[in-house]
Amino acid sequence: MSSPTTDQTPTTPEERLEAVLRTDSERVALTADALTVVQRRIAGGPAAPRAVAGRPRRVVALAGVLALAAAVTVVVGLGLRPTSDPRPVEHPTVAPTYGGQGPRSQVDIFRVRLRSGSPVLSVEAVSTSTPFQPRAALDALFGLAPLSPADNSPLNNGRNVVDSTSETMDALVVDLSAADQTSRPATPALGRAWLQAWVQTTQSAYNSGLPVLIRLQGRPITLYGFDTTKAIAATHLPEVHDIGIEMPRPGQSLTSPVLLAANLPDGQYQWKVVDSRGKTVFSDGLSGSAGLGTFTATLVPGAYRAVVASGPDSGTPRFRREVAFTVAGTAGATVVVPVSDPPTTPLTAVAVYWATTGSRPLVRELRTSRDPAEMLNDYFRLPSTADGIKPTDAGNRVRSVTAANDGIVVDFSRLQPDPADWTVDLPYRQAQAFAATVRSVVGRDLPVRVTRDGRPTSFLTQRTLPGPSAEKQVDAETDAYPQPVHEPGRAEIVGVTRNPAAPTTYVLYDAVTQEPRYQGTIADPDPHTGAYAFAVAVPAGRYLLEINSSDVHDEHYSTLSDLTVG
C-alpha cells in the first residue's frame with residue numbers, strides 16, 4: 001500500500017503509531033536461522049484453518065497502521081526480526097467518541113450460481129450500518145439483489161424475514177418470523193445449494209462450523225422441498241469470487257464513514273472517490289496477492305463515484321471498475337480516540353493440547369479456566385490456532401467430568417465414530433493429547449477413562465487412554481490464543497509473553513475500519529512462564545488483537561489475531 005510522505009510531526013495517536021510501525025518495518029535484520037525456519041514451514045504444510053466453514057476472505061491491503069503492523073507480524077513469523085526496541089503504547093486520556101457502540105461490520109454472504117450445470121457458491125462482501133450482529137448477514141442475503149446477474153436466487157427470497165439468530169452448544173439457530181415456503185428449485189441439487197447459501201452465510205457470520213437449525217416461529221418448516229427438523233451441516237461446494245467492487249453497491253445510499261471493498265487479482269491498484277463535480281475527495285493504494293482489499297472513507301453528504309483501477313506503471317494488466325453511490329448523512333463523530341488502559345479482570349489460564357503428525361511434539365495452547373465439561377466441549381468445537389489436529393469433530397458432547405482418587409472419568413452424551421481413513425499412529429496421539437488436556441483442565445495428574453451414558457467405551461480407537469507422558473511439548477507459535485466467546489461484551493485475552501520482565505502491550509483495532517479502539521499494558525504476567533489471562537469489557541464486534549512484546553535479547557515482536565466479541 002502506498003502512503004504519502006511528510007516531514008510533519010505526527011500529532012494523532014494513529015499517526016504516532018503508524019510512524020512507529022513504519023520505522024519498525026524498515027529496521028529488519030535477517031537472522032541466521034531464517035532460511036531453516038522458512039524451509040521447515042514449507043515442509044510442514046499449511047496451518048489448520050480457524051473456521052471449518054464460511055472461510056474468512058483474505059484481506060490483501062489495509063489502511064494506514066494495520067498494513068504496517070501486519071508486515072511486521074509476517075516478518076517476525078518467518079524468522080525476520082526487527083532490530084528496534086519496543087515502543088511504549090501512547091496513553092491518550094480522551095474517551096472514545098463513538099458513544100459506546102461497537103465497530104461497524106463487513107459480512108460475507110453466499111449466493112448460488114450454475115457453472116457447467118452444477119451449483120457453486122459465489123461470495124459477496126456487504127457492509128452493515130450497525131455494530132456486529134450475525135443476523136445482519138442473513139438480512140443482507142434476503143434483502144439485497146445479487147451483484148451478478150449470473151447468481152441464481154430464489155424468486156421469493158425477500159419473503160424470508162429473520163426474527164433472531166443464536167448459538168447453542170449443538171447448532172446455530174435461525175428463527176424466522178416469515179418464510180418463503182412456495183419456491184421450488186428446478187432440481188434437488190439446486191435446492192440443496194440454496195440451503196447451503198443460508199448455512200454458510202450463517203456460519204461465516206458466527207465464524208463457526210456448527211450446523212444450522214432453521215425454524216419458523218420456533219417450529220421446523222419445509223424449505224425448497226427439504227425438511228428442516230434436523231440441523232443442516234455445511235457441504236463443500238466450490239466457491240467463486242467475482243473480480244470487481246463489492247462495497248458500495250451500485251446506487252446504494254450510505255452513511256459516512258463509507259466502507260470500500262474490491263475483489264482484485266494480483267497487482268497494484270489505486271482507489272479513489274470522486275464527487276459530483278469531478279473532484280477526487282479520497283485516494284489510496286493497494287498492492288498484494290489476489291483477494292479482498294478494503295478501505296474506509298469519511299465523506300460529506302452528496303453523490304459520488306468509487307473507482308478502482310490498476311496503476312499506470314505497476315506492470316499490472318489494465319483494470320478499472322466504477323460504482324455510483326450517494327452519502328445521505330454521517331453515523332456520528334468520525335474521530336475515534338482509543339481508550340487507554342481500560343479496567344480489566346484477571347483470569348486463570350490452563351493448557352490444552354493438540355496432536356501433530358509423525359514424531360513431532362504435542363502443541364500446547366492456553367484457554368481461560370472454567371467448568372471442565374464446558375472446556376472440553378469447546379476443545380471439540382474450536383480448532384487449534386497452530387497446526388494441531390482437531391480430535392474427531394464438533395459433534396462430540398461431554399456430559400460430565402468426575403475426578404476421584406483412582407482416576408478421572410469423562411462421560412459423553414454423544415460420541416462420533418472415528419474416521420475410517422486415519423493412519424495407525426494418529427488415534428493414539430490424538431488420545432494422548434486429549435488425555436493431557438483432561439488432566440490439565442481438572443488439575444490432577446491421574447489416569448483418564450471415557451464412558452458414554454455411564455458405560456465404558458473406546459475413544460479414538462483406544463480402550464485405555466495414555467497416561468502422563470514425558471514427550472516434549474511446545475507452545476503454539478503465537479503471543480495470544482483466540483478464546484471462545486462466552487459472555488456478551490467481554491473480550492478474553494490470553495497468551496504468553498516472551499519476556500515477563502519487559503512491558504507487553506496490546507491494541508484492539510476495529511477489524512473493518514482499522515481504527516484503534518482499546519490499548520493498554522498487560523499487567524502481571526507469570527514471572528516464570530510469561531502466561532497472562534485477563535478480560536476487558538468492550539462492545540460487541542469484530543476486532544484485530546495486536547500484541548507487542550520483546551524477548552530477553554530485546555528483539556521486538558508484533559503479532560495480529562482475530563477476536564470476536566458477542
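## Close-up views of a predicted protein chain

**Figure 1. The whole chain, before we zoom in.** Of the 566 residues in the protein chain, 49% count as buried. Please keep in mind that this is a predicted model. Seven helices and 33 strands make up the elements of the chain. Among contacts with a separation of 6 or more, 70% join residues 24 or more positions apart. The chain exposes about 25500 Å², and 53% of that comes from carbon and sulfur atoms.

**Figure 2. How confident is the prediction, and where?** The mean pLDDT of the chain is 74, with 70% of the residues reaching 70 or more. Among the elements, strand β7 (residues 212–216) has the highest mean pLDDT, at 94, whereas strand β2 (residues 80–82) has the lowest, at 29. Residues 1–7 stay under 50, and the model gives them 13 contacts beyond four places in sequence. Over residues 9–103 the pLDDT is also below 50; this stretch has 186 contacts in the model beyond near neighbours in sequence. Where pLDDT is low, the predicted coordinates should not be read in detail.

Figure 3. Rolling a probe the size of a water molecule over the atoms shows where empty space is left. Two or more lining residues come from each of β3 (104–115), α4 (135–143) and α5 (188–206). By type, the lining divides into nine nonpolar residues, three polar and one charged.

Figure 4. Look for P220 in the loop between β7 and β8 (222–223). This proline counts as partly exposed because its relative accessibility is 40%. Leaving aside residues up to four places away in sequence, P220 touches I214, R215, T228 and T229. P220 and D175 are 45 residues apart in sequence, yet their C-alpha atoms are 9.5 Å apart in space.

Figure 5. Is H556 buried or exposed? H556 is buried, because its relative accessibility is 3%, and buried means under 20%. This histidine belongs to strand β33 (residues 556–565). R498 is 58 residues away from H556 in sequence, and the C-alpha to C-alpha distance between the two is 9.8 Å.

Figure 6. Most residues other than glycine have a negative phi, and most peptide bonds are trans. You will find D341 in the loop between β19 (339–340) and β20 (344–346), where D341 is partly exposed because its relative accessibility is 42%. D524, again not a glycine, has a positive phi of about 55° and lies in the loop between β30 (516–521) and β31 (531–537). With a relative accessible area of 73%, D524 is exposed.

Note on methods: Residues numbered from 1 in each chain as written. Predicted model: local features only at pLDDT ≥ 70, side-chain atom pairs only at ≥ 80, totals over all residues. Heavy atoms only, no water. Helix = DSSP H or I, 4+ residues; strand = E, 2+ residues; numbered from the N terminus. Buried < 20%, exposed > 50% of the residue type's maximum accessible area, 1.4 Å probe, protein only. Contact = heavy atoms within 4.5 Å. Areas by Shrake-Rupley, 256 points an atom, 1.4 Å probe, with all protein chains shown as cover. Nonpolar A, V, L, I, M, F, W, Y, C, P; charged D, E, K, R; others polar. pLDDT = per-residue confidence, 0-100.
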